[in-house]
Amino acid sequence: MYEKDQIIEFDISSYGASGEGVALAGMPVFIPGAMMGERVRARIVQAKPAFAKGELIEVLSPSPSRVKPICPYFENGCGGCELMHMTYEETLFAKENAVRNALAHIGGVDVDNCGFMPILASPNDVHYRNKAVYHCGREGNVGFYGKKGHEIRSGKCQLQSKEAETVRGIVEKALREKRLESIRGLMVRTTKPGEVLVVFITEKKRPKGAETVIDEIKAAVNKLCGVVCCLPLPDGNPGRTISTLFGSQHVSDSIFELVYRLSPQSFFQVNPDSTELLYGEAVRMTEPAGKRILDAYCGAGTISLLMKKRGAEYVRGLEIVAPAIEDAKLNMQKNGLSGCDFICTAVEDGIENALHDHFDAIVLDPPRKGCDKKVIDAIINSNIDHITYVSCNPATLARDIKLLSQGGFKTEQVRPVDMFPYTSHVETVCLLSKLNAKQHIEINLDMDELDLTDAEKKATYQEIKDYVLEHSGLKVSSLYIAQVKQKCGIIERENYNKPKSEDAKQPQCPPDKEKAIEEALTHFGMI
């Protein structure tokens, strides 16, 4: 066991969950700033029975992937860009490794056999953020909290948009000169078309000096669409809007071909180019065409409307933030879509009732804390057999996957996506399917041809599925086909349409799919 303040040389063999170097020297020793393959000198700052944490003192043999950080404040700055001492390619390796380790060690997933795909890189690795939330200090400094304590570090950030940094500089100058008062925080949203929304986080409906500062921002920013005041939340983000000082309190942004109206409080992914990669994977895994989809934690309807646009029959979104729900409803109209419902509720409170209706798939996109246990239990006890899980935290993703696996779900595909270059954060989208679960019938597809009736011989289950998909756009299961064949008087062997236990819940074929299957059976001359 190590002792605090010991200075020791270590060989770094891997990366930890936050991209820190890990030395395996009797126990894991986590050293921020150290890189895989390096030999370093570090001071022990925390010694536990099972692990230790070290502070990097000197790199004795640097990795070829070590670079000089592009941020001049990296060493003593906010601590947000933990990985800026690495090449971008090395950060991708570290993040993919973090997802793999979390799934294996926390989730119990066989990573080599779960459809794990390489991480997708961000198209832009600097100035990629479309939302900046700054803290405002008593001395007028505007920026982010430092690595330790609540000292605010100001200075140009390499990750924020250039428009956000321009606004930050104007507000900081006004606060330092006492021309602007009562501002506790600042949020700046920017969009692909170049629109800018400025939010003063304050308890004042009209902070002293705001008008002059707004004029300065107008002169410096091409497309200032609005300036609003919002109450502060405990985490520094904007709460309820209390006044609009200029223009609109909304901004519009786009993902793929869809346009979204956003309130100050609406959740929207911060890296627009990587968002299209992430949501593209979510759509691909969900295969929304013809499906009824429940979108939990739907925000302003970003995923819901994309699923609908890509062919979903019906989408219902659940979200606790009321302004985001209003945005989602307006966004549906704005994009000329229908067939979506958006309900304002905490997901853990509304999901059980929602799952009383039939859904083919559920999309989960929870906050960093992951899904509430009530949400996991409701899904396991429902007829849902297809989950697309979008996560910003590998640890809670792995925890939830373990619970879902205990309820009969198997991880089929995993794709990490780099949404936050040079930070330790990574997004992941996973596909989980329920296999051999108590609630579902098991269908033996190895049919004995001699045991088939004349009607059954005319078309296989796969041929019926292909016909239905081609002519109606619907995807049907073998169970649904078996139910319709039985209803139409086609004799089915017992194991095609019988649950394994008496109390098993068996999903019933929806009317639209029943009609499509009947048309297929007619086409093949089976009825």
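Which residue takes a positive phi in the hairpin of β12 and β13?

1. In this hairpin, which has 5 residues between the strands, Gly-236 takes a positive phi near 90°. The model is predicted: local features need pLDDT of at least 70, side-chain atom pairs count only at pLDDT 80 or more, and totals for chains, interfaces and linings use all residues. Residues are numbered from 1 along each chain as its sequence is written, and side-chain values use heavy atoms, with hydrogens and water left out.

2. Strand β12 (residues 223-232) has 7 of its 10 residues buried (under 20% relative accessible area, 1.4 Å probe, protein chains only). Strands are DSSP runs of E, at least two residues, and helices runs of H or I, at least four, numbered from the N terminus.

3. β12 pairs with β11 (residues 195-201) in the parallel sense over 7 bridges; pairing requires at least two DSSP bridges between the strands. Val-198 has Val-227 of β12 as its bridge partner. The chain passes from β11 through helix α3 (residues 210-220) to β12 in a right-handed β-α-β crossover (clockwise from the first strand over the helix to the second, with the strands pointing away from the viewer).

4. With β13 (residues 238-247), β12 pairs in the antiparallel sense over 6 bridges. Gly-226 has Gly-247 of β13 as its bridge partner.

5. The whole structure holds 2 cavities of 30 Å³ or more. A cavity is a set of points on a 1 Å grid over the protein atoms alone where a 1.4 Å probe fits but cannot get out; lining residues have an atom within 4 Å of a point. The largest has a volume of about 40 Å³, and its lining includes Phe-267 and Asp-365.

Definitions and conventions: Buried means under 20% relative accessible area, exposed over 50%, partly exposed in between (1.4 Å probe, protein chains only). On a 1 Å grid over the protein atoms alone, a cavity is a set of points where a 1.4 Å probe fits but cannot get out, and a pocket is an open set with protein on both sides within 12 Å along at least five of seven lines; lining residues have an atom within 4 Å of a point. Grid points are joined across faces, edges and corners, and a volume is the space filled by probe spheres set on the points.
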